[in-house]
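Good morning, and thank you for the time on the agenda. I would ask you to keep the sequence and the model open while I speak.

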Amino acid sequence: MPRVLCVAVLLVALCAAGPLVPGAAAKQRVSASPNPVAFGDTLVVKGRGWPVIEFCSRTARLSLRSGQNAFRIGTVRTRLSGRFRFEWIPRRAKVGRGDWRLVARMRCESGDDGSLVPVRASTPLRIGQSNLVVGRGTTSKARWTLLARRGRFGGFCVGMRAGPLDGKRAGAGGEGCGGGVGTDPLTLGLLYAQGLGTFAYGMAAARVARVEVRFGTQPLRSARLLSSPPVLGFGGRFWAASYGDLCHVVSAQAYAADGSSLGRVGTPEPPAGPRGEPASAPSDSCPPDLR
């Protein structure tokens, strides 16, 4: 092949590939799992899409950052595929409990003048607390806390804790785990704390704008909608409502922003009575509100 033709072919190939600029390829990313991570457990940090060119060091420096603190956890070499994997165990003596941002940085230089052009990626991370506080509230009798976490084998676990206003005696708590909302608009969990009331709570799909709850034959009441912590990785919201006494028959109705009904979830209906006799009245399982 003539030399002139070889040069032309090389120029075409270089033009097709584009300029060698750090970060010009697929956007670099970093992820951390499990999230939240407990003290003593192994955190796996993965990266993909990182530049593998002569202008970059191919060494990613990993650190934790918060509003007041920064802490380096290590470095990792990027493979030719642009991916890396790094393991780290958080210890109480080295890092504090709470919300952090895991940051990965790589030193790169400009292909034009050699100036420093660092590339970075980050992801939120919670350390030292498996249960995330979704929301808190009070009734005339109790203080309640709604909690959520990632399930050990996938999905989500949602729970409620309730205690007396004065804190002088123990309260109650419960938790249920499942796959999340899926194609349903809502999930439903119940907690009864003696002397404090019945608490209904659950997850709500992103399309849910309002939740109405009925305890027994009591009038409908609007549930409180709560934002999902970003670190949880759930795109919807949570909801909670309370009743001042024991109630076994509870239902929740979900509505879209335009007011249309999205679906209903509730406790099983009372069992039918003996032949020829009516089923138990819903009011039997939900005494008058004592608040």
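I shall go through the charged residues, then two further sites, and finally the backbone.

A word on conventions comes before the residues. This is a predicted model, in which local features need pLDDT of at least 70 and side-chain atom pairs count only at pLDDT 80 or more, while totals for chains, interfaces and linings use all residues. Residues are numbered from 1 along each chain as its sequence is written, and side-chain values use heavy atoms, with hydrogens and water left out.

Let me begin with the salt bridges. The term stands for a side-chain nitrogen of Lys or Arg within 4 Å of a carboxyl oxygen of Asp or Glu. How many salt bridges does the structure hold? There are four, and I shall describe some of them.

For accessibility, buried means under 20% relative accessible area, exposed means over 50%, and partly exposed lies in between, with a 1.4 Å probe and protein chains only. Glu 87 is partly exposed because its relative accessibility is 47%. Arg 85, with a relative accessible area of 44%, is likewise partly exposed.

Another salt bridge is formed by the side chains of Glu 175 and Arg 149, again with 2.9 Å from N to O. This pair links distant parts of the chain: Glu 175 belongs to strand 11 (residues 172-178) and Arg 149 to strand 9 (residues 142-150), and the two are 26 residues apart. Strands here are DSSP runs of E with at least two residues, numbered from the N terminus. Glu 175 has a relative accessible area of 42%, so this residue counts as partly exposed.

A further salt bridge brings together the side chains of Glu 212 and Arg 210, at 3.1 Å from N to O. Glu 212 sits in strand 14 (residues 210-215).

Which residues form the positive surface patch? They are Arg 61, Arg 65, Arg 72, Arg 101, Arg 105, Arg 107 and Arg 120. Strand 3 (56-65) and strand 6 (98-108) are the elements that give two or more residues to this patch. Strand 6 supplies the largest share, three residues. A patch is made of residues with over 30% relative accessible area and no salt bridge, like charges being joined within 9 Å. Arg 107, found in strand 6, counts as partly exposed because its relative accessibility is 48%.

Thr 198 lies in strand 13 (residues 197-204) and, at 1% relative accessibility, counts as buried. Its side chain reaches the backbone nitrogen of Cys 247 at 3.1 Å. Leu 190 is placed in strand 12 (residues 189-193) and is partly exposed, since its relative accessible area is 34%. Between Leu 190 and Gly 173 there are 9.9 Å from C-alpha to C-alpha, with a sequence separation of 17 residues.

I close with the backbone. Most residues other than glycine have a negative phi, and most peptide bonds are trans. Against that background, Arg 58 has a phi near 70°, a positive value in a residue other than glycine. Where is the cis peptide bond with omega near 0°? This bond runs from Ser 33 to Pro 34, and Pro 34 lies in the loop between strand 1 (29-33) and strand 2 (43-48).

How values were computed: Patches are made of residues with over 30% relative accessible area and no salt bridge: like charges are joined within 9 Å, nonpolar side chains (Val, Leu, Ile, Met, Phe, Trp, Tyr) within 5 Å. Accessible areas come from the Shrake-Rupley method with a 1.4 Å probe; for residues, only the protein chains shown count as cover. Lys and Arg count as positive and Asp and Glu as negative; His and the chain ends are not counted. The place of a charge is taken as NZ of Lys, CZ of Arg, CG of Asp or CD of Glu. Helices (H or I, at least four residues) and strands (E, at least two) are DSSP runs, numbered from the N terminus. A polar contact is a pair of N or O atoms within 3.5 Å; within protein, one must be able to donate a hydrogen and the other to accept it, and residues adjacent in sequence count only if both atoms are side-chain atoms.
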